[in-house]
Amino acid sequence: MTGNVFAAECPSRQVLDRIGDRWSILVVRVLADGTLRHGAIAARIGGITPKMLTQTLRGLERDGLVTRTVYAEIPPRVEYALTGLGRSLLGLTRALEEWAETHIDDVEAARAAYDDAAQERAGSDQRRAASRK
């Protein structure tokens, strides 16, 4: 089956939703270094809640990008690793990471310029409205 992400009902859009999610990208990048437990993944991804990490790992597992291995020990040990399919994303996720880190100053400058212009437009609109009264 060939996908078409521009078609409304194409399942490839769901795949884009998964791999385009910020938490999924970060989990894939962390697991690039090898098999890890939930706590170790959480420790490396600042700001992710345990609930969000669990949801992200389940989604990645469902889509065949991550494996979850449970060891029958006391206490139980659970480890996560990338599958071959998950590893096939590493080039893309590394490129996104590098792009974001390289261009963050440019993005922040663009945001500041946009916000300044928006404030100026809002002030101009308020002055026009006040002069009409």
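## Helix and sheet

Helix H2 (residues 22–31) lies across E1, E2 and E3 and runs at about 95 degrees to E3. Helices (H or I, at least four residues) and strands (E, at least two) are DSSP runs, numbered from the N terminus. Axes are lines fitted to C-alpha atoms, for helices over the stretch in contact (heavy atoms within 4.5 Å), and angles run from 0 to 180 degrees between N-to-C directions.

This is a predicted model, in which local features need pLDDT of at least 70 and side-chain atom pairs count only at pLDDT 80 or more, while totals for chains, interfaces and linings use all residues. Residues are numbered from 1 along each chain as its sequence is written, and side-chain values use heavy atoms, with hydrogens and water left out.

## Strand order

The sheet is open and has three strands, in the order E1-E3-E2, with antiparallel pairing. Strand E1 (36–37) and strand E2 (66–71) each have a single partner strand and stand at the edges, so one side of each lacks a neighbour in the sheet. Two strands pair if DSSP finds at least two bridges between them.

Two bridges join E1 to strand E3 (residues 77–82) in the antiparallel sense. Leu36 stands opposite Tyr80 in E3.

## The loop between E2 and E3

Pro75 is found in the loop between E2 and E3. The peptide bond from Ile74 to Pro75 is cis, with omega near -10 degrees.

## Charges over rings

Arg77 lies over the face of Tyr71, at 3.8 Å from the ring centre. Arg121 lies over the face of Tyr114, at 5.9 Å from the ring centre. A charge sits over a ring if NZ of Lys or CZ of Arg is within 6 Å of the ring centre and within 35 degrees of the ring normal.
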